[in-house]
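The paragraphs below move from backbone pairing to side-chain contacts.

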Amino acid sequence: MGSANPDLEPSPGDNPSPPPRPSSFHGRLQLQDFVYQSADAPTPRRSARHAAAAAVSPSPSSSALSTRAATPSPRKRARRSPSPSPSSSGVAKPKPKPKPKPKKKRAPSSGYAPPSVYAHLPLLPDAVCANLLVFFVGLNPGLQTARTGHAYAHPTNTFWKLLFSSGITPVPCTAAEDRQMPARYSLGHTNIVARPSRNGAELSRREMDEGVALLEQKARTWRPECMCVVGKSIWESIWRVRHAGRAVGKSFRYGWQDAAENMGVVEGEWEGARVFVASSTSGLAATLSPAQKQEIWNELGAWVKMRRAERELAAEREAASNA
């Protein structure tokens with residue numbers, strides 16, 4: 001029999017192998033034994049001059065990189081440049097003063113103006129004669145009327161336009177013809193306040209109320225068939241004086257008034273002039289529409305045309321009887 005071969009592995013039936021160890025660096029090769037661990041390893045040599053320079057200043061490459069990172073480009077500087085704050089500069093920069101807004105033109109005052117304000121302007125004389133068909137009562141002369149010396153002269157005033165459109169005058173007339181109206185068409189005009197002003201707000205209630213007595217006297221003197229009050233505020237003054245200070249209130253209406261309101265009554269002799277309240281013709285009066293104003297004036301115009309025709313017929317009959 002031959003001897004056993006040592007290169008051959010033992011069979012499984014011979015001696016059993018030990019159990020496997022857990023995985024680790026401590027295997028059969030024992031790698032930790034090959035790690036170089038020497039406390040006597042020399043440190044790299046460096047001169048003292050280079051060591052001192054490295055401690056004081058960084059390397060050129062690192063310095064250049066840090067400089068580039070810290071210094072923005074001109075374009076970035078333009079975007080980033082904030083205004084210096086008071087804390088950084090030490091002096092607060094004054095804020096620019098806002099530009100002054102242009103002053104608005106002041107509107108003319110709408111309050112009371114004493115007579116001395118327009119004392120340089122002349123008064124407007126009445127255009128009147130006996131036996132008028134209509135005696136128009138205005139508020140007071142406006143500035144344009146006072147300067148020109150003609151009634152209802154302002155271009156925005158619709159008085160002369162409404163006279164023609166309503167039939168009160170057979171032909172269009174202008175402010176320059178105001179003195180001719182009594183003789184031509186039996187139409188006259190006066191005002192409750194004689195002094196001129198820019199508008200009615202510059203008049204006082206007292207001077208308007210004081211003008212009522214003078215209107216009554218003019219009606220008794222000239223005895224027109226009709227006193228036409230041109231504007232609600234004028235009739236409010238007349239009503240207030242006649243009714244012991246009581247406001248007209250809901251009793252107000254445009255058009256013909258009751259016979260009890262006739263002006264210039266002479267007891268036992270003359271029953272007075274009938275009163276017709278018309279809308280204001282001032283360009284500042286916008287309470288009523290043009291159509292509403294026209295309707296009011298048409299009512300007076302219809303009466304004037306009727307009375308004018310009756311007068312002409314009576315004059316023809318009188319002339320025929322005297323022939």
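Helices (H or I, at least four residues) and strands (E, at least two) are taken as DSSP runs and numbered from the N terminus, and two strands are said to pair if DSSP finds at least two bridges between them. The model is predicted, and for that reason local features need a pLDDT of at least 70 and side-chain atom pairs count only at pLDDT 80 or more, whereas totals for chains, interfaces and linings use all residues. Residues are numbered from 1 along each chain as its sequence is written, and side-chain values use heavy atoms, with hydrogens and water left out.

On the one hand, β5 pairs with β4 in the antiparallel sense through two bridges, and Gly-255 has Val-277 of β5 as its bridge partner. On the other hand, β5 and β3 are parallel and are joined by five bridges, with Cys-228 standing opposite Phe-276 of β5. The strand is mostly covered, in that four of its five residues are buried, where buried means under 20% relative accessible area, exposed means over 50% and partly exposed lies in between (1.4 Å probe, protein chains only).

Because its relative accessible area is 0%, Phe-276 is classed as buried. Contact is taken to mean heavy atoms within 4.5 Å, and, leaving aside neighbours within four places in sequence, the residues in contact with Phe-276 include Cys-226, Met-227, Cys-228 and Val-229, together with Gly-255 and Trp-256, and also Ile-296, Glu-299 and Leu-300. The C-alpha atoms of Phe-276 and Gly-255 are 5.1 Å apart, although 21 residues separate the two along the chain.

From the strands, attention can pass to helix α9. The buried residues of α9 are Ile-234, Trp-235, Ser-237, Ile-238, Trp-239 and Arg-240, and they pack against β1 (134–138), α8, β3 and β5. Just after the helix, Ala-244 takes a positive phi of about 55 degrees. Trp-239 is in α9, and because its relative accessible area is 9%, this residue counts as buried. Beyond four places away in sequence, Trp-239 touches Arg-246, Ala-247, Val-248, Ser-251 and Glu-261. Between the C-alpha atoms of Trp-239 and Val-212, residues that are 27 apart along the chain, the separation is 9.3 Å.

Not counting residues up to four places away in sequence, Glu-261 touches Trp-235, Trp-239, Arg-242, His-243 and Val-275. The side chains of Glu-261 and His-243 are also joined by a polar contact of 3.3 Å; such a contact is a pair of N or O atoms within 3.5 Å, of which, within protein, one must be able to donate a hydrogen and the other to accept it, while residues adjacent in sequence count only if both atoms are side-chain atoms.

The charged pairs remain. Side chains of opposite charge can pair when their charged atoms come close. A salt bridge is here a side-chain nitrogen of Lys or Arg within 4 Å of a carboxyl oxygen of Asp or Glu, and by this rule the count comes to 13. In one of them, Glu-207 is bridged to Arg-195, with 2.9 Å between the closest N and O atoms. This pair links distant parts of the chain, twelve residues apart, since Glu-207 is in helix α8 (residues 205–222) and Arg-195 in the loop between β2 (187–191) and α8. Both Glu-207 and Arg-195 are buried.

A further salt bridge brings together the side chains of Arg-240 and Asp-209 at 3.0 Å, N to O. Here Arg-240 in α9 (residues 232–242) is linked to Asp-209 in α8, 31 residues apart, and because its relative accessibility is 15%, Arg-240 counts as buried.

Arg-307 and Glu-225 likewise meet through their side chains in a salt bridge of 2.7 Å, N to O. Arg-307 lies in helix α10 (residues 290–322) and Glu-225 in the loop between α8 and β3 (226–230), so this pair ties together parts that are 82 residues apart in sequence. Arg-307 is buried, at 19% relative accessible area, whereas Glu-225, at 22% relative accessibility, is partly exposed. Glu-225 and Arg-307 also belong, with Glu-310 and Arg-311, to a network of salt bridges.
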